[in-house]
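Subject: The structure you asked about

Hi there,

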Amino acid sequence: MQRLSLTIIISLLVLISFGQIKVNNDKAPQNSPSIKVTLLGTGTPQPIMERFGASILVQAGSESLLFDAGRGCLQRLRQINVSYDKIDALFLTHLHSDHITGLPDLWLTGWLVSKRAVPLDVFGPTGTREMLNYLQKAFAFDIKMRVEDDKRSEDGSKFVVAEIQQGVVYEKNGVKVTAFLVDHYPVVPAFGYRIDYSGHTVVLSGDTRYSENLISFAKGADLLIHEVAIAPDTLSKSDPQYHILMHHTTPEQAAKVFNKVQPRLAAYSHIVKIHGLTEADIMKRTKATYSGPVIMGEDLMSFSISDTVSVNKWQNEKNTGIK
Ligand SMILES: [Zn+2]
Ligand SMILES: [Zn+2]
């Protein structure tokens with residue numbers, strides 16, 4: 001009840017408007033958004049409360065698609081009242097642990113509490129099938145108990161796996177998902193994803209260095225969600241953090257990507273901060289060479305994409321663990 005009244009109060013607030021992008025602090029109905037994107041986790045391997053592991057929910061038409069399953073994704077889904085049995089497919093960008101450690105919880109606890117009765121479609125790079133087979137083995141005891149004792153559907157504990165190549169990987173009910181290669185060497189392959197629905201486009205970078213391939217696949221995107229990593233200019237090659245920076249995209253490089261793609265809105269997620277630099281530093285360095293719309297992502301921030309691109313910040317502090 002308390003949560004409902006808070007939602008109603010928040011719904012009355014509309015804060016900022018700039019250009020075609022509305023930034024709302026509300027949950028007021030939009031003009032039937034074609035695509036809704038929710039950042040479930042905007043973090044990295046760092047185990048912090050403010051930014052959970054990498055995971056993004058894309059809801060388009062009848063489809064609810066999850067991209068990566070980092071730490072805490074099931075809890076974030078609960079916060080926005082999306083049950084595991086409503087997830088139509090999971091797409092993995094790559095197999096670094098910060099993108100998959102939430103998967104056992106999503107899958108097993110999700111199955112238990114939602115009583116899902118159908119397998120989960122999982123799309124990912126080579127190695128995905130083997131990893132999921134091992135997970136099935138690791139949790140075989142629990143799965144047996146949940147089926148025999150808790151009477152859960154065995155089908156609900158299964159995966160249907162597709163190991164993908166660059167190209168269209170999913171097409172259902174008007175929603176098209178295209179995987180494209182990004183550069184996260186030596187993690188090969190690593191994918192970004194483009195989601196098209198009803199004339200609108202969302203592009204997710206996954207983990208990548210500056211990538212020309214991403215730029216060509218992201219052309220015409222309404223929303224481009226891109227990773228970023230920041231370190232002091234003085235970071236030396238002998239610094240243990242240097243190789244982390246080299247796996248990712250600096251704010252200056254991201255600005256170059258945004259200038260080439262010209263999305264209606266760019267947003268950062270998977271925020272890597274080295275040696276005490278901050279989100280403000282990332283935005284400052286981005287805006288030095290990019291004057292278009294760009295926003296720093298936060299956990300549970302959502303985007304509604306139709307004729308306008310609206311940003312909705314999560315307000316319910318009580319339930320997020322976010323301070
Ligand atoms: Zn990675
Ligand atoms: Zn990562």
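About 160 Å³ of space sits inside the largest cavity. Keep in mind that this is a predicted model. The count of cavities of 30 Å³ or more comes to one. Its lining is made of 17 residues, and those nearest the centre are Ala54, Ile56, Asp68, Gly206 and His270. If you sort the lining of the largest cavity by class, you get five nonpolar, nine polar and three charged residues. Three strands, E4 (55-60), E13 (223-230) and E14 (265-273), each supply at least two residues of that lining. Which of them gives the most to it? That's E13, with three residues.

Now for the chain as a whole. It has ten helices and 17 strands, and 52% of its 323 residues count as buried. Taking the contacts with a separation of 6 or more, 66% are between residues 24 or more positions apart.

Next, zoom in on leucine 108, in helix H3 (residues 103-114). Is leucine 108 buried or exposed? Its relative accessibility is 9%, and buried means under 20%, so leucine 108 counts as buried. Leaving out residues up to four places away in sequence, leucine 108 touches Phe139, Asp142 and Ile143.

Aspartate 85 is another one to click on, in the loop between helix H2 (73-79) and strand E6 (89-91). Its relative accessibility is 30%, so aspartate 85 counts as partly exposed. Again leaving out residues up to four places away, aspartate 85 touches Ser114 and Arg116. Serine 114 is 29 residues away in sequence, but its C-alpha is 5.8 Å from that of aspartate 85. There's also a polar contact between the side chains of aspartate 85 and serine 83, at 2.6 Å.

Most residues other than glycine have a negative phi, and most peptide bonds are trans. Where are the cis bonds here? One joins tyrosine 185 and proline 186, with omega about 10 degrees, and another joins valine 188 and proline 189, with omega about -5 degrees. Proline 186 is in the loop between strand E10 (175-184) and strand E11 (187-197), while proline 189 is in E11.

Lysine 115 is in the loop between H3 and strand E7 (120-124), and at 56% relative accessibility it counts as exposed. Leucine 300 has a positive phi as well, near 70 degrees. You'll find leucine 300 in the loop between E15 and strand E16 (302-305), and with 2% relative accessibility it counts as buried.

Cheers!

Technical notes. Residues are numbered from 1 along each chain as its sequence is written. Chains are lettered from A and ligands numbered from 1 in the order in which they are written. This is a predicted model: local features need pLDDT of at least 70, side-chain atom pairs count only at pLDDT 80 or more; totals for chains, interfaces and linings use all residues. Side-chain values use heavy atoms; hydrogens and water are left out. On a 1 Å grid over the protein atoms alone, a cavity is a set of points where a 1.4 Å probe fits but cannot get out, and a pocket is an open set with protein on both sides within 12 Å along at least five of seven lines; lining residues have an atom within 4 Å of a point. Grid points are joined across faces, edges and corners, and a volume is the space filled by probe spheres set on the points. Helices (H or I, at least four residues) and strands (E, at least two) are DSSP runs, numbered from the N terminus. Ala, Val, Leu, Ile, Met, Phe, Trp, Tyr, Cys and Pro count as nonpolar, Asp, Glu, Lys and Arg as charged, and the others, Gly among them, as polar. Buried means under 20% relative accessible area, exposed over 50%, partly exposed in between (1.4 Å probe, protein chains only). Contact means heavy atoms within 4.5 Å. A polar contact is a pair of N or O atoms within 3.5 Å; within protein, one must be able to donate a hydrogen and the other to accept it, and residues adjacent in sequence count only if both atoms are side-chain atoms.
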